[in-house]
Amino acid sequence: MSDPFTKSLGFKGRSISTALSTKVAPQRTATPPPPSSYSGISGYDGANVLTRVSEIIDFLKKSQRPCGVEEIQLHIHEFAGPGGAEFDHLTNNAKVAYNAEDQTFAYKPEYNLRTPEELVEYLRNIPDYGGLEVKKLSDSYLGNVAAVIAELRRKRHVLAITDRDNRPRYVFYNCKVLESEVSDEIKTNWARLPVPEDQELAKEMARAGLQQTRAESSGVGDPMQLQPDAKKPKKTARKTRITNTHLEDIDLTKDFVPEGR
């Protein structure tokens, strides 16, 4: 039986405990998401993780050798090691070589060249003695790439294509098999040979019974036989064909009036 107090609260004959149990639902505890190897990558924490990964890769590049977790932690104190977001990033990074046996990381450049001799040997093995773009060697272990190439050019081990400031852009292996010594007599005789002008060259070739190529004859012309300019064809008036022959006797300027009116 309900008392006046419960009626004043509007419970209509129910007890306070029953009313509270129906009005207030129990709070549910949220189920935590399963752990992810890339948790904490987005947002501010993610920016910190990527920053530390960049610092670790830069440290590995300067070290030029495999480094373990403890050694990396001495320089990057925030590196958590196995199980951390940075560790997972490094094991899946294209610029890092990970050894799972001893858990070491090493920087992996596009061209794993450490000495000038290795660079020369790599260029020598390129098919057809092709070249290599110098800027692709910037992340190798060669150090000062421009100085290395300059020294190799001085020793004639490599050839280079440079820009206007004489900075190498492409480097090639210098195949010395193609080099041959030329005697001083041949050099002197070659320097004494006069080089005639274009018109004189055409005349000399004609006297010697030699024919010019199309490129030479189009640029110089045949001096022994000058052809007159070709006459341009006259323009003829184009005849207009009339197809509406049934309208020839009809004056289209007048209004049409039916016959019989």
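1. Ala160 stands opposite Val171 in β6, a strand being a DSSP run of E with at least two residues and a helix a run of H or I with at least four, both numbered from the N terminus. β5 and strand β6 (residues 168–173) run antiparallel and are joined by five bridges, where two strands count as paired if DSSP finds at least two bridges between them.

2. This is a predicted model, in which local features need pLDDT of at least 70, side-chain atom pairs count only at pLDDT 80 or more, and totals for chains, interfaces and linings use all residues. Residues are numbered from 1 along each chain as its sequence is written, and side-chain values use heavy atoms, with hydrogens and water left out.

3. An open sheet is formed by three strands in the order β4-β6-β5, with antiparallel pairing. Because β4 (132–133) and β5 (158–162) stand at the edges, each with a single partner strand, one side of each is left without a neighbour in the sheet.

4. Helix α6 (residues 116–124) lies across β4, β5 and β6, and runs at about 70° to β6; such angles, from 0 to 180 degrees, are taken between the N-to-C directions of lines fitted to C-alpha atoms, for helices over the stretch in contact, and contact means heavy atoms within 4.5 Å.

5. A further open sheet has three strands in the order β1-β3-β2, and its pairing is antiparallel. Here β1 (67–68) and β2 (96–99) are the edge strands, each having a single partner strand, so one side of each lacks a neighbour in the sheet. Four bridges pair β2 with strand β3 (residues 104–107) in the antiparallel sense, and Tyr107 in β3 is the bridge partner of Val96.
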